[in-house]
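Trainee: Hi! I've just opened this one and could use a quick tour. Where do we begin?

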Amino acid sequence: MNKLIIPSMAIALMMAVPCTTQAQRKVDKKPTLAIKPTDKSKMKAFIDELMAKMTVDEKIGQLNLPTGGEATTGSAVSTDLESKIKAGQVGGVFSLTTPDRVRKTQELAVNHSRLKIPLIFGQDVIHGYKTLFPIPLGLSATWDLALIEKTARIAATEASADGLNWAYSPMVDISRDPRWGRISEGSGEDTYLGSQIAAAMVRGLQGNDLAANNTLMACVKHFALYGAAEAGRDYNTTDMSLHRMYNDYLPPYKAAVDAGAGSIMTSFNDINGVPATANHWLLTDVLRKQWGFKGMVATDYTAINELIDHGLGDLQQVSALSLKAGVDMDMVGEGFLTTLKKSLQEGKVSEADIDRACRNVLEAKYKLGLFDDPYKYCSEERAKKEILAKEHLDFAREVAAQSFVLLKNENNVLPLKKSGTVALIGPLANTGSNMPGTWSVNADLKNTQSLLEGMQEVLGSNVKILHSLGSNLLEDAAYQERATMFGREIPRDNRSEEALIQEAVKTAQQADVVVAALGESSEMSGESSSRTDLNIPAVQQRLLAALLKTGKPVVLVVFAGRPLTLTWEQAHVPAILNVWFGGTQAAKAITDVLFGDVNPSGKITATFPKNVGQIPIYYSHKNTGRPLAEGKWFQKFRSNYLDVDNEPLYPFGYGLSYTSFAYSDIKLSKNAFSAGDSLAVSVTVTNTGKMAGKEVVQLYTQDLVGSITRPVKELKAFQKIELKAGESKQVVFHLSAEDLKFYNADLQYVAEPGDFKAFVGGNSRDVKEAQFKLQ
Ligand code: BGC
């Protein structure tokens, strides 16, 4: 049996001087123990006894996960839901919150159903609960695992006070296609970084005791390969070689499972001909047998029903297929509830299949402590004290500022002076409701500050701020409507484009500097928000060109849920700050960075292409047999394009600072080492600028000769360090044979002796290199 093993933590990293960030120091003090083991024999005895009393209908009822109807009806519990709960036909409820509603709903199960089995309550708690942090792609740009873990801890603290005990998070889908709107919900393109973040998120959500009243059970999603949808179109087919799956796409799910995630969610997509939700190989052979997963498997929203459109049969057939593949809980579609009994009678599923799924659901509830106290997650008092607590909001501001990526800063246009007049222009300048970003279902959209409001509050009377809209979000009104759903408002201005630009130019002319807040609205990324054109919308680009023509210095603040193609902007605009969607405190955090209270340190975790035609583009690609010669961008009969070079606009790991960093050559402790031994790879990093700053020091390797082709670079370790102006620090990475392992053609996890390169730098392109041998 091949076991998928994440490159171990064998890369220990030592610093000559301790240099963890503020957030890391705070979190590191907390015990990072493994999750408290549930007493398995006690759990088994309890569930055996309970299941012995259950009818088949009651067992099937546990597999049913309807919604609370909150979003549609506004009522706590629909009558239909109420009668189903009382009849023992519901195992959990999705998207129903607040202690009062959850308690009332739980009472229906605990006081009125025959066996009094408590319900589990789940929701999408993705990047915060009411205190929203940056969207996950932004969070990953912090490269700060302790900080990310703490955001998940805070999210769990708030959500668990409000009645929830199950989070549909973390989303760990690797994506190398920014057309896909859901790239915003994950940690980008890299397997190693994605795996580290997946584990950090699970630790943060689950803490070290699932039964504690302030932790949530994680639900890792979307299993699997959802981020590799063909053409970047949401829900689309995935077709992938096994070695790519095992080496690149599966490790983050496995890392989350290894970190103790209590549940996993199946994805919507087809995988090599069998959709994930009906894929026995995926859900049973890989997940349970190879990885030893012991938790609960839930589907995505109506994913079983969608198997009908995938062409796998009618509802009865696809429900039976999913159960047999390894699904335990059916989200919303009620295929299990309405067909499994019939399938049992007809011999299409066995009672053992139903028992297995029922046991997994009951075990999840047991681990959460719900049989001891079904109301433990409902606390008005805690909700009042903890939700939107000041320290959560302060931390959200710090995190948002860490997530922003400075893409360009010619002639040190940034940071801005806290004096004079600033013209803040653009459709993203005065919209608070777009700040939280996608999947922020609990955000208080009406009370989230816009950038304009945040600037006004932070800068007070020191800076005069002028504002005009400048342009609509999109020229096409129907497109703008699709891009501003769910209360994420950017009202349209019906004046002509020329009139809006003229007004903005007048405003700009009265200012010392222009801040252009442009890009996507928050609903232009996320679920069902794929795009084929990744430019800043043309109407906004025309505004930007007009602002540049005024001759005033222009700072472009890019709002985006994905890498945009900023090729024109890179060529024409002096300063570009990419701010994603930064959450509840985004407005203040952007102000902090623009005006120099925080020095930006974010680094992109997904390659920014020059144009859409380069997609998929990612740093850890393979070589071809006809690579370009160094320094060339086109050679006939070599692997390239006629119309654009192969290089991305900004490489993976890239991001500037208001200061600058110099890297020494790499020092190796030896030129060759063998399994069981390790190699120290060190560099000295110096802050050569005038300001303190943080730098993410990145270690990559290349396996020069392999039994299968190997990527040109693979991230193996990183460390975020902080340096005062003029200060130097030595960063030492320890590399072992374990870190050089990969899945070979037979899916054996091996390190192959031979020659390797090590690269160290501040991004995946600008690196120092050295060569070593694994003996
Ligand atoms: C999404 C999931 C989400 C679920 C429940 C689905 O449409 O794909 O990510 O967890 O809805 O909200």
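**A first look around**

Mentor: Let's begin with residues 695-764, whose end C-alpha atoms lie 13 Å apart. That span is 57% strand and 0% helix.

Trainee: What does UniProt call residues 695-764?

Mentor: An unreviewed UniProt entry places the feature "domain: Fibronectin type III-like" there.

Trainee: Okay, and what is the mean pLDDT of the protein?

Mentor: This is a predicted model, and its mean pLDDT is 94. Of its residues, 94% reach 70 or more.

Trainee: Where does the pLDDT stay under 50?

Mentor: Residues 1-33 are one such stretch, and there the model has 82 contacts beyond four places in sequence. Another is residues 71-78, where the pLDDT is below 50 and the model has 13 contacts beyond near neighbours in sequence. Where pLDDT is low, the predicted coordinates should not be read in detail.

Trainee: Got it. Changing topic: which residues come nearest to the ligand?

Mentor: There are 13 residues around the ligand, and Asp124, Arg182, His222, Asp300 and Glu527 come nearest.

Trainee: And how many in that shell are nonpolar, polar or charged?

Mentor: The shell has 7 nonpolar residues, 1 polar and 5 charged.

Trainee: What are the distances from the ligand's oxygen atoms to side chains such as Arg182?

Mentor: For Arg182, a polar side-chain atom lies 2.7 Å from an oxygen atom of the ligand. With Asp300, an N or O atom in the side chain is 2.5 Å from a ligand oxygen. For Glu527, the distance between a side-chain N or O atom and an oxygen of the ligand is 2.9 Å.

Trainee: How much of the ligand does the protein bury?

Mentor: The protein buries 94% of the 310 Å² that the ligand exposes when taken alone.

Trainee: Which other peptide bond is cis, and where does its proline lie?

Mentor: Look at the bond from Leu414 to Pro415, which is cis with omega near -5°. Pro415 lies in the loop between β12 (405-409) and β13 (421-425).

Trainee: Last one: what is the phi of Ser528?

Mentor: Ser528 has a positive phi of about 55°, although it is not a glycine. You'll find Ser528 in the loop between β15 (513-519) and α22 (538-549).

Conventions. Residues are numbered from 1 along each chain as its sequence is written. This is a predicted model: local features need pLDDT of at least 70, side-chain atom pairs count only at pLDDT 80 or more; totals for chains, interfaces and linings use all residues. Side-chain values use heavy atoms; hydrogens and water are left out. A residue is near a molecule or strand if one of its heavy atoms lies within 4 Å of it. A polar contact is a pair of N or O atoms within 3.5 Å; within protein, one must be able to donate a hydrogen and the other to accept it, and residues adjacent in sequence count only if both atoms are side-chain atoms. Accessible areas come from the Shrake-Rupley method with a 1.4 Å probe; for residues, only the protein chains shown count as cover. Ala, Val, Leu, Ile, Met, Phe, Trp, Tyr, Cys and Pro count as nonpolar, Asp, Glu, Lys and Arg as charged, and the others, Gly among them, as polar. pLDDT is the predictor's confidence in each residue, from 0 to 100. Contact means heavy atoms within 4.5 Å. UniProt positions are given in the numbering used here, feature names are shortened, and annotations may be inferred rather than shown by experiment. Helices (H or I, at least four residues) and strands (E, at least two) are DSSP runs, numbered from the N terminus.
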